[in-house]
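Here is a brief report on one protein chain. Overall make-up comes before individual residues.

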Amino acid sequence: MDTIFGPLYTAVSWIIVQFHKLYSLVFDEDSGWAWGLSIVSLVIVLRIALIPLFVKQIKATRNMQALQPRMKKIQERYKNDRQRQSEEMMKLYKETGTNPLSSCLPILAQSPFFLALYQVLNKIAIGREVGVLDQGLVDSARNAHIFGAPIAARFMDSADKVEALGATLVNVRVVTVIMILLMSASQFYTQRQLMTKNVDLTVKTPFMQQQKMLMYVFPVIFAVFGINFPVGVLVYWLTTNVWTLGQQMYIIKRNPTPGSLAYKQRQEKLRAKGKLKEDPAEIETKKAVETARANRQQPRRMTKAQRQAAAAQAEAKENEARAEAEAEKTAGQKPSMTKETPQGGRPARTGQQSKKKPGQRKGSQRPKHPSKK
């Protein structure tokens, strides 16, 4: 491994030595400030060099988010044919110019330098020369302390090893635990900021589920592996996490993903400043929606007793209405007694029979023929 990473050991150690010379003008050359700030400066140099890759990462992430609906359709269409599904996915990537690996470029490019720094600090811990660090610089760095913890010490080191570095086990473990917690928290917040502010939440895709899972998995991974990292590596990783968080906040604020919460907030700010012109129809639609939302009344929250009283009242009204309906129905079926029955028990004539003949009086019999004079 030393043969493969030898050039990286030299590059990393050279950058640290140059910054150490600079900070030694202000701080003691054997102090933790001089060596700690040298490691922080190493991170800054690397992250500035990786800015072009970070821009590619942002573009690739956006393209992947935009392609998620189409990718989901391909997966559903060819769910029983894995080979055809992969071919269609590759075809889609080629048509849109999207490279899924671009979102991992900054981490992949930074990993060799991280491993190189890890090995450099390991060699410092055992007092061996590495890269451009001669024995005098190695001894100076080995004895440098950050808040009472040597930069080459680890959480899992034994008490004897920590005492050989001029510190106590309690100091080392307190400092490492605090730095591990800060490192994991910064990683969690960075991923959460990406998920809550710079993702279109109206489109539910597997990509979003993966990102949400990574939001919880990465901090746990850093916490588990962090107990085996030297204090100097923890300084390196905490610094790079803070840099990533700040860089991401800047990108989200300046150029958010369309449809995301950050994009809507940015549009509102531009609209308030009069820098954003909208379609009049869209403005009227928004006004109508806001008016309807303002006029909408939320149902009152009632206690259990109030709900029971309301239910009893509704049931009483329902019973009353049912009783009225039954009464009306009964009244409609009752026969009419408006016509009187004539004397003698004979029913009144109906139809043509009830009509009186001309010249016939009521109650009289058929008239006799008039006598001839």
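## Overall make-up

The protein chain holds 13 helices and 2 strands. The model is predicted. Of the 373 residues in the chain, 32% are buried.

Take contacts between residues at least 6 apart in sequence: 66% of them join residues at least 24 apart. The chain exposes about 25,800 Å². Carbon and sulfur atoms supply 58% of that area.

## L234 in helix α10

L234 sits in helix α10, which spans residues 231–254. Its relative accessible area is 0%, so L234 is buried. What does L234 touch, leaving aside neighbours within four places in sequence? The contacts are T176, M179, I180, M183, G226 and F229.

F222 is 12 residues from L234 in sequence. The C-alpha atoms of F222 and L234 are 9.9 Å apart.

Is K273 buried or exposed? K273 is exposed, because its relative accessible area is 62%, over the 50% cut-off.

## Salt bridges

The whole structure contains 4 salt bridges. One of them joins the side chains of R84 and E88, at 3.1 Å from N to O. These two residues are 4 apart in helix α4 (residues 82–96), so about one helical turn separates them. R84 is partly exposed at 34% relative accessibility. E88 counts as buried at 19%, since the cut-off for buried is under 20%.

E318 and R322 also meet through their side chains, at 3.2 Å from N to O. Both lie in helix α13 (residues 304–333), 4 residues apart, which means a separation of about one helical turn. E318 is partly exposed at 45% relative accessibility. R322 is partly exposed too, at 43%. Elsewhere, salt bridges that share partners join R154, D157 and K161 into one network.

## Inside the network

Definitions and conventions: Residues are numbered from 1 along each chain as its sequence is written. This is a predicted model: local features need pLDDT of at least 70, side-chain atom pairs count only at pLDDT 80 or more; totals for chains, interfaces and linings use all residues. Side-chain values use heavy atoms; hydrogens and water are left out. Buried means under 20% relative accessible area, exposed over 50%, partly exposed in between (1.4 Å probe, protein chains only). Contact means heavy atoms within 4.5 Å. Accessible areas come from the Shrake-Rupley method with a 1.4 Å probe; for residues, only the protein chains shown count as cover.
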